[in-house]
Amino acid sequence: MPLARSFSMTSLSGVLPQWDEEDLPVDDLLLFEVAWEVTNKVGGIYTVIQTKAKITVDEWGENYFMMGPYYEHNFQTQVEACEAPLPAIRGAMDALISNGCQVFFGRWLIEGSPYVLLFDVGGASGNLDRWKGDLWDSCNIGLPSQDHEAGDALILGSLVAWFFKELTDRLGDAPNVIAHFHEWQAGAGLILSRARKIPMATVFTTHATLLGRYLCAGNVDFYNNLGKFDIDREAGERQIYHRYCLERAAVHCAHVFTTVSQITAVEAQHILQRKPDVITPNGLNVKKFSAMHEFQNMHCSSKARIQEFVRGHFYGHLDFNLEKTLYFFIAGRYEFSNKGADLFLEALSRLNYLLRVHKEDVTVVVFFIMPAKTNNFNVESLKGQAIRKQLWDTAQGMKEKFGKRLYEALLKGEIPEMNNILDRDDFSVMKRAIYATQRHTLPPVTTHNMLDDATDPILANVRRIGLFNARSDRVKIVFHPEFLSSTSPLLPMDYEEFVRGCNLGVFPSYYEPWGYTPGECTVMGIPSVTTNLSGFGCFMEEHVSDPAAYGIYVVDRRFRSAHESCSQLTQFMFGFCQQSRRQRIIQRNRTERLSDLLDWRFLGRFYVHARLLALSRAFPDKYEMDPMAPPKAEGFRYPRPYSVPPSPSASLHSTPHHSDAEDDDDEDEPYDEDEEAERDRMNIKTPFVLGGVPGGRRRSQPGRGGD
C-alpha cells in the first residue's frame with residue numbers, strides 16, 4: 001500500500017529507473033534467508049530481518065522462507081505453527097526428522113507473517129563431533145571444544161546444509177533456490193553447502209566484521225592502519241581465529257558478498273580479503289514511525305513529559321528556564337569508545353564553556369541511555385520525583401481552593417483581595433512546600449546505583465571534565481544506565497516516545513557498521529549527529545546533497561584528528577543551540593521528509609540486485625546480468641532545500657537566539673513548508689513512487705487480507 005505522502009526518488013541528473021518486472025521471476029524461485037536472529041532477538045540483525053520481512057513477503061509471497069535456531073519460548077510466543085506449503089520442503093523436513101533432528105515450521109508473527117524454518121540446535125548436539133570432522137574435511141577449519149557459541153553455529157549450519165541437500169534433490173532443476181546467509185553464525189551452512197556442491201545461488205552479508213569489532217574495542221587506530229594489521233596474529237591473540245576463519249571462508253564461498261555500508265566495505269576488503277559485490281544498506285519500516293503532520297505535536301507532548309522528569313531530578317537547582325532548555329541524548333550498547341561517548345563528553349565540556357562565555361541562558365540537558373551494571377535506582381533520584389509529585393499535588397489543592405473562593409466572590413459582584421483568597425494556613429502550606437525543595441547536594445549525574453562507580457568510563461570522564469550539574473553549568477548530564485521503559489518510576493517513557501521529545505540525537509561513533517539510532521531519529525523528525533565512520537553517515541553523504549540542512553550533521557572522524565573531530569562536534573552542537581525555535585521547527589520538517597529515503601521499499605532494491613547477481617553466477621545458462629551493472633538505486637541524490645541560502649552561515653544568527661523565540665518577522669530564512677515540499681517533488685520528477693510492490697508479481701497468500 002503506497003504511503004499517503006507523494007514522494008518520489010530520482011537522481012538530479014535523470015530519472016531513477018523503475019522496477020523491471022522480469023528482473024526476478026519469483027514464481028520460478030525459492031528464497032531462503034538464514035540468520036541466528038530469526039525469531040531470536042540478540043542484536044541489530046534481528047531488527048534488519050524483522051523490518052525487511054514485509055517488503056520481501058510482498059515481492060516473494062509464498063516463496064520466501066526464513067531459517068534460524070529453535071528456542072521453545074520464542075516458538076511458543078512468536079510463531080504460529082502450520083504445515084509447509086510445498087511437498088519438497090515437507091519431504092526435506094521429514095528426512096531430517098526421521099534421523100532424529102527436530103525441525104519446526106510456522107509463520108513468524110511480525111508484519112508480513114513470513115514462513116520460518118527453525119532447527120533444534122540443542123537436540124542435535126550429539127552430532128557435533130562428527131560435524132566438526134566434516135567441517136575439517138571440507139575446509140580445514142577446526143573448532144575448540146570450549147567455544148560453545150561456535151559449536152552451536154556449526155550445528156545450525158550443518159542442519160541447514162543437510163536441509164538444502166534434501167530440498168534440491170527433490171526440486172531438481174526447478175524452482176531454483178537462493179540462500180542468503182547473515183553473519184558468521186550462519187556461515188557454516190554456506191561453507192558446507194558449497195563444499196557439497198549443492199545447486200543453489202548463495203549470498204553472504206556481513207553486518208560487521210568479527211575482528212574489526214574486537215580491534216576497535218581495544219582502542220586501536222583502526223582505520224588508519226587497516227592495511228598494516230597482521231590479521232591472523234590479531235585474531236589468534238584474541239582467541240577468535242576459528243571464528244574469523246569461518247567468516248572469511250563464508251565470504252569467499254558465496255556467489256555474492258555484501259556489506260551494509262561503504263565504510264564496512266573498506267574494512268571487509270582489508271580484513272576478509274574480498275571486495276563486496278553490493279552494498280545493502282539497512283532500512284526501516286517507516287510506516288511504523290509515520291505520524292504525518294502530527295509529528296511536531298508528538299514532539300511537544302513527549303518533550304513535556306521529559307520536562308516533568310527534569311523538574312524532579314533538578315529540584316532545588318531548577319534555576320534555568322525549561323522553555324529555553326534543549327534535550328540531547330546518546331543511546332545504544334555501552335561501548336564507550338566505539339559509540340563515541342568519549343568524544344561526546346569532551347565536546348560537551350567545550351560546549352559548556354562556550355555557552356557560559358557567551359552568557360546565554362540556553363541550557364542543554366544531555367541523556368546517556370546506555371545499559372550498565374546497577375543494583376537499583378538511587379534514593380536521590382526517587383526522592384526528586386516524589387518531591388515533584390508532592391509539589392504538584394499541593395499546587396493542585398491550592399488551585400482548587402483559590403478557584404472556589406474566587407468564584408464565590410465574583411458571584412457576589414466583588415473583586416477579592418489576596419488576603420481574603422489565601423489565609424495564613426495556605427501560606428504556611430506553600431512555605432513548607434518550598435522548604436521541601438531545598439537540597440544541600442548537587443543533582444545526581446546518574447539515576448541508578450552503579451556497581452562499579454569508580455571505574456565506570458562515563459562517570460570517570462564526567463569527573464575529569466567536571467560536569468557535576470552545578471548551577472553555573474549550562475550543560476547538565478543525566479546518565480540513565482538502563483533501557484527506557486514506560487513502567488519506570490523515574491522516566492516512564494518508551495524509547496520511541498523519548499526520542500520524539502528530544503531536540504537532538506548525538507551518535508559520534510568510531511565503529512558503527514550501520515547505525516539504526518540516527519536512522520530512527522530521522523524517521524521521527526529529530527535531527528541527529530553521526531559520523532563518516534558509520535554506515536548511516538556515509539549513506540547520507542552519498543544520497544543527500546546537504547545533510548546538515550536536513551538536520552543530519554556528519555562529523556569527520558576518518559580524515560581529521562581526534563581534536564579536530566571534537567571541535568567540529570562542538571561547533572555543530574553550539575550552532576544548534578544558536579537556532580531559534582522557529583528554525584528548529586523548520587529543520588524538523590526537513591529531517592522528517594528524509595524518512596522515505598530510509599524505507600525498505602527504496603533500500604530493498606539493493607537486495608534485489610544482489611539476488612539477481614547471485615543467480616547469474618550460479619546459473620549462468622538461465623540468468624544473465626551485466627556483472628558491472630550498478631544497483632538501480634545508485635545515483636540518487638536528494639536536492640538541497642530550496643529555502644537554504646547558498647552560504648551556510650546565512651541561515652544562522654551571529655549570536656545565540658533564545659530557544660523560545662518565534663521570530664515570525666525574521667526574513668533571513670524564508671520558508672513555506674508546502675512550497676518547499678512541492679519543489680522537492682518537482683526537482684526529483686517521479687516515475688518511482690514509494691509503496692509500489694517490486695517486481696509486480698505479488699503472490700496471494702491464503703487467509704490473508706490486503707493492506
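Helix H9 holds a run of buried residues: His242, Arg243, Tyr244, Cys245, Leu246, Glu247, Ala249, Ala250 and Val251. The model is a predicted one. H9 covers residues 241–253, 13 residues in total. From first C-alpha to last, H9 reaches 18 Å, close to the 18 Å expected at 1.5 Å a residue. An α-helix has 3.6 residues a turn, so residues three or four places apart point the same way.

Now turn to strand E16. This strand spans residues 528–531. In a regular strand the side chains alternate between the two faces of the sheet. On one side of E16 sit Ser528 and Thr530, and on the other Val529 and Thr531. These four residues are all buried, so both faces of E16 are covered.

E16 has a partner in strand E15, residues 504–506. The two pair in the parallel sense, over two bridges. Val506 has Val529 of E16 as its bridge partner. Strand E17, residues 552–555, also runs parallel to E16, joined by four bridges. Here Thr530 has Val554 of E17 as its bridge partner.

Helices complete the picture. E15, helix H19 (residues 516–523) and E16 form a right-handed β-α-β unit. E16, helix H20 (residues 535–543) and E17 form a right-handed β-α-β unit as well.

Back to Ser528, in E16. Why does Ser528 count as buried? Its relative accessibility is 0%, and the cut-off for buried is under 20%. Leaving aside neighbours within four places in sequence, Ser528 is in contact with Leu504, Gly505, Phe507, Pro518, Cys521, Thr522, Gly551, Ile552 and Tyr553.

Note on methods. Residues are numbered from 1 along each chain as its sequence is written. This is a predicted model: local features need pLDDT of at least 70, side-chain atom pairs count only at pLDDT 80 or more; totals for chains, interfaces and linings use all residues. Side-chain values use heavy atoms; hydrogens and water are left out. Buried means under 20% relative accessible area, exposed over 50%, partly exposed in between (1.4 Å probe, protein chains only). Contact means heavy atoms within 4.5 Å. The expected span of a helix is 1.5 Å times one less than its number of residues. Two strands pair if DSSP finds at least two bridges between them. A crossover is right-handed if, with the strands pointing away from the viewer, the path from the first strand over the helix to the second runs clockwise.
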